[in-house]
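Welcome! Please take a moment with the sequence and the 3D view below, and then we will walk through some of the details together.

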Amino acid sequence: MSERKTTDESGPLLGPADVRELAAALGVRPTKQRGQNFVIDANTVRRIVKTADVRPDDVVVEVGPGLGSLTLALLEVADRVTAVEIDDVLAAALPATVEARLPERADRFALVHQDALHVTELPGPAPTALVANLPYNVAVPVLLHMLERFPTIERTLVMVQAEVADRLAAGPGNKVYGVPSVKANWYAEVKRAGAIGRNVFWPAPNVESGLVSLVRRAEPLPSRVSRQEVFAVVDAAFAQRRKTLRAALAGWAGSAQAAEAALVAAGVSPQARGESLTIESFIAIAEHKVPAADQEAPR
């Protein structure tokens with residue numbers, strides 16, 4: 001039974017046989033619907049914990065712990081770990097796995113059985129780090145929700161599909177720079193932090209995976225308008241990314257003329273496109289939106 005303590009090089013962590021045995025005992029078959037690919041390599045999860053710079057005083061939140069591969073590696077190092085799991089069977093089994101394999105740390109573990117997109121509070125001390133293997137289909141919404149909801153998270157390391165990792169870490173001018181890139185930059189300094197091969201997962205995915213590091217800005221970006229107002233500009237700019245900003249932002253501003261006025265006031269060319277702008281430029285545009293009541297009626 002895979003809940004036994006192991007004596008091999010993985011120690012209390014889950015190896016390939018452990019993962020398969022535990023899944024079989026639970027009647028779990030990884031589903032594409034939830035993007036489930038379980039990590040089966042102890043060296044990989046330890047590498048993730050090291051790359052995440054998890055410290056002995058950290059309170060780590062993990063999203064989508066699955067069978068507990070990364071959870072156990074985090075518990076070896078962090079002060080506390082809170083795992084957020086949506087799957088009924090996996091959520092029910094995880095505390096027993098922790099108790100069986102790391103009994104001395106079991107009191108440092110908490111489980112939240114909920115959809116991460118709906119989590120608004122966590123038990124225990126406020127989280128200082130987020131480390132997760134995120135399903136590709138919800139990776140960006142979950143990441144942005146957690147960063148917005150829990151401002152005490154200072155460091156984040158997520159494992160996502162390589163394409164998503166590239167998008168998150170892209171800078172202005174890059175062809176994959178878009179909404180995820182800009183919104184992640186609102187919260188943090190973002191960079192690629194490594195690649196993960198397919199053979200460390202069960203089942204092996206059809207795509208490569210990548211690590212993305214996000215270190216929250218020590219001071220929020222200066223802005224006279226709210227995050228929601230800035231993100232509305234970002235969404236509008238990339239909804240029609242082939243159009244110039246004068247045209248793409250016409251609906252947001254009320255008219256093409258009003259969009260041009262806001263762009264010029266922000267120091268941005270009305271002929272530019274969203275993919276060339278920094279988060280600071282989007283903030284400036286949002287700050288210079290002309291209220292509808294102050295716009296001249298068309299003649």
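The side chains of Glu275 and Arg241 make a polar contact at 3.3 Å; such a contact is a pair of N or O atoms within 3.5 Å, where within protein one must be able to donate a hydrogen and the other to accept it, and residues adjacent in sequence count only if both atoms are side-chain atoms. This is a predicted model, in which local features need pLDDT of at least 70 and side-chain atom pairs count only at pLDDT 80 or more, while totals for chains, interfaces and linings use all residues. Residues are numbered from 1 along each chain as its sequence is written, and side-chain values use heavy atoms, with hydrogens and water left out.

Where does Glu275 lie? Its place is the loop between α11 (256-265) and α12; helices (H or I, at least four residues) and strands (E, at least two) are DSSP runs, numbered from the N terminus. With a relative accessible area of 30%, Glu275 is partly exposed, because that label covers values between buried (under 20%) and exposed (over 50%), using a 1.4 Å probe and protein chains only. Not counting residues up to four places away in sequence, Glu275 touches Pro172, Gly173, Tyr177, Phe238 and Arg241, where contact means heavy atoms within 4.5 Å. Pro127, by comparison, is 33 Å from Glu275, C-alpha to C-alpha, and 148 residues from it in sequence.

Rings of Phe, Tyr and Trp (its six-membered ring) pair if their centres lie within 6.5 Å; planes under 30 degrees apart count as stacked, over 60 as edge-to-face and the rest as tilted.

| Pair | Centre to centre | Angle between planes | Type |
|---|---|---|---|
| Phe38 and Trp202 | 6.3 Å | 35 degrees | tilted |
| Phe238 and Phe282 | 6.0 Å | 40 degrees | tilted |

Phe38 sits in strand β1 (residues 38-39) and Trp202 in strand β8 (residues 201-202), so this pair ties together parts that are 164 residues apart in sequence. Phe238 belongs to helix α8 (residues 227-239) and Phe282 to helix α12 (residues 279-287), so here the linked parts are 44 residues apart in sequence. Both Phe38 and Trp202 are buried, and both Phe238 and Phe282 are buried too. Together with Tyr177, Phe238 and Phe282 form one aromatic cluster.

Helices α8 and α12 are also part of what covers the buried residues of α7, and so are α5 (139-149), α6 (162-169), β7 (188-196) and β9 (209-216). Helix α7 (residues 179-187) is mostly covered, with eight of its nine residues buried. Its buried residues include Lys183, Trp186 and Tyr187.

Another glutamate is worth a visit. Is Glu85 buried or exposed? Glu85 is buried, with a relative accessible area of 5%, and it lies in strand β3 (residues 80-85). A polar atom of its side chain lies 3.0 Å from the backbone nitrogen of Gly66. The residues that Glu85 touches, not counting those up to four places away in sequence, include Gly64, Pro65, Gly66, Leu111 and His113.

Finally, step back to the whole chain. The protein chain has twelve helices and nine strands, and 51% of its 299 residues count as buried. Its C-alpha atoms fill a box of roughly 80 × 40 × 30 Å, taken along the principal axes. Among contacts with a separation of 6 or more, 70% come from residues 24 or more positions apart.
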